[in-house]
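Welcome! Take a moment with the sequence and the model, and then we can walk through them together.

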Amino acid sequence: MSKYHPIKIKRPNRQRGRKPATLVQRFACLMLVLSASACMKMGPDYTSADLDFTMPAAFEQESGGLDALKPENPWWKEFNDPELDRVVAEVMANNPDIRAAAFRVTEVAAVLRQIGADQYPTVNLSAQALRQRQATLNPITGNAVSVTGSSYSLSLPASFELDLWGRLARATEAAEADLLASAENRRAVVHSLTAETVSLYLQIAALKRQIRVNRDMVDAYQQGLALTESRYRRGLTSILDVRQARRALAGAEAQLPDLTAALGAGRQMLSVLQGRYPAAETDDFKAPGAFAPPRPIPAGLPSQLLERRPDIQSAEAALQAASARIGVAKAARFPGITLTGSFGYASGDIGDLFRPENELWRLAAGGLQPVFNAGKLSAAQAAAEARYQQAKMAYAKTVLNAFAEVEGALLNQKELETRRLRMRVFLEEAVAVQEVAVDRYRRGLVDYLAVLDAQSARFAAEIRMVEAEYAVLSNRVRLYRVLGGGWDVAFVEQPSPKSGDDIAAETSGRKQDIQK
């Protein structure tokens, strides 16, 4: 047996020990470069926008102050109606617009993760197995020879963009603002649809009260017609009174279909808000006859409105996103540096793929500086700055509109409450006049036309009273909507312009004269 063995080439131990140290050094250098890449952000840092107008210390029509704001408070529970609570809960759970807004938030959150991922390295896994047969020319014999061979490779290619100028950071900042705007838009949708639901519920309740008034009016006219016909048969009145009574009855009966159609339409709209098939008749819906008049709402400071209205918050988030995108456009004009690298193995025999001598690695750095683009990048920055100014104007307009809505709702609150009190006195007078007219007609002192006029005025007053009470309640819903939700209120009792008793006292003398 020969004492010689095949020669095997081995790397010295000192070289094996040096390689890990070299990789550690390279990794440390890479981390140092990555840390330095986040030192600068191009573009302006967002600050709260300066409005071009001065906010007052308090609303002009305000009657008190807020104790603690609760934007998400279930303000509709003030009406103390379990049926209303159930309807609102169903709308929040099933309304398509609310669900679509929630999915929109999910979409924008996914976009944020997508954009934020650009700030991190990208690592992939690449695997390839190749077997091929190809013809080659033998350089010695000059003959064509077919060669069959295999190759296998497995590697981890990676790339990373150095965010030297903050382009990726600003893009992530803009995406975060977009997410905030989307979340506030969802709150705005919920808030608006809740107010629409409560207002529609109150409208249905008012229509049901008007239908009851109409049926009472029909019953009264039927009784009046029976009385008139009885007196006509006894020769105590003329056929004109009978015709007038029949005309009044027919007119009252003609109003019922319109009220019934309006009630059905309201129920259909409410069903759609609840995510149901639009049904005009619902057995489970029993709207109450009336609600107690609400107390006045203190509105708080105007500056608080900027913090609780979701549409204002959404507009400011859009402004913040536009500011961040200025930095994105500006950073695009500066050089971009990308690091690429890979580590893996390649071999002609899959069994030897992971042998040390088949190891492959590569590190590279590349830079790209825009030189000439005919002003494209500078125009993109100018466009981003113009969009920021547009967003700023939109934000200012949203704030102004919000203040106008609050001032208008507070003003209406006072006037509508005064109207309701005066309508109550008007209704009392109309009832008294009707009683006097019927009594005098029975005694033959007046003709039936006076009774019809009194009855018509009385039932018209009842209809207007229902409308006045609905207007007060609807304005209360509007106040909740424009003020951004509910709150804990420290009420400061203040005398109303004129109470119901004061208004009634003004007409007590006239009422006594009529009764005489």
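Is glutamate 184 buried or exposed? Glutamate 184 counts as buried, because its relative accessibility is 10% (buried means under 20% relative accessible area, exposed over 50%, and partly exposed in between, with a 1.4 Å probe and protein chains only). Before going further, please keep in mind that this is a predicted model, in which local features need pLDDT of at least 70 and side-chain atom pairs count only at pLDDT 80 or more, while totals for chains, interfaces and linings use all residues. Residues are numbered from 1 along each chain as its sequence is written, and side-chain values use heavy atoms, with hydrogens and water left out.

Glutamate 184 also has a charged partner: it forms a salt bridge with arginine 187, with the closest N and O atoms 2.6 Å apart (a salt bridge is a side-chain nitrogen of Lys or Arg within 4 Å of a carboxyl oxygen of Asp or Glu). The two are separated by about one helical turn because they are three residues apart in helix α4 (helices, H or I of at least four residues, and strands, E of at least two, are DSSP runs numbered from the N terminus). Arginine 187, at 21% relative accessibility, counts as partly exposed.

Elsewhere, aspartate 439 bridges to arginine 443 at 3.0 Å. Glu83, Arg86, Glu90 and Arg276 are linked in a network of salt bridges, and the count for the structure comes to 19.

Now look at the loop between β1 (65–70) and α2 (82–94), where aspartate 81 lies. Aspartate 81 is buried yet has no salt bridge, and arginine 86, the nearest side chain of opposite charge, is 8.8 Å away (Lys and Arg count as positive and Asp and Glu as negative; His and the chain ends are not counted). What aspartate 81 does have is a polar contact of 2.4 Å with the side chain of tyrosine 201 (a pair of N or O atoms within 3.5 Å; within protein, one must be able to donate a hydrogen and the other to accept it, and residues adjacent in sequence count only if both atoms are side-chain atoms). In this loop you will also find asparagine 80, which has a positive phi of about 55° although it is not a glycine.

Finally, the rings: the structure holds seven aromatic pairs (rings of Phe, Tyr and Trp, for Trp its six-membered ring, with centres within 6.5 Å; planes under 30 degrees apart count as stacked, over 60 as edge-to-face and the rest as tilted). One of them joins phenylalanine 343 and tyrosine 345 edge-to-face, at 5.9 Å centre to centre and 75° between the planes. Tyrosine 345 also pairs edge-to-face with phenylalanine 354, at 5.2 Å and 65°. Ring pairs link Trp75, Trp76 and Tyr480 into a cluster.
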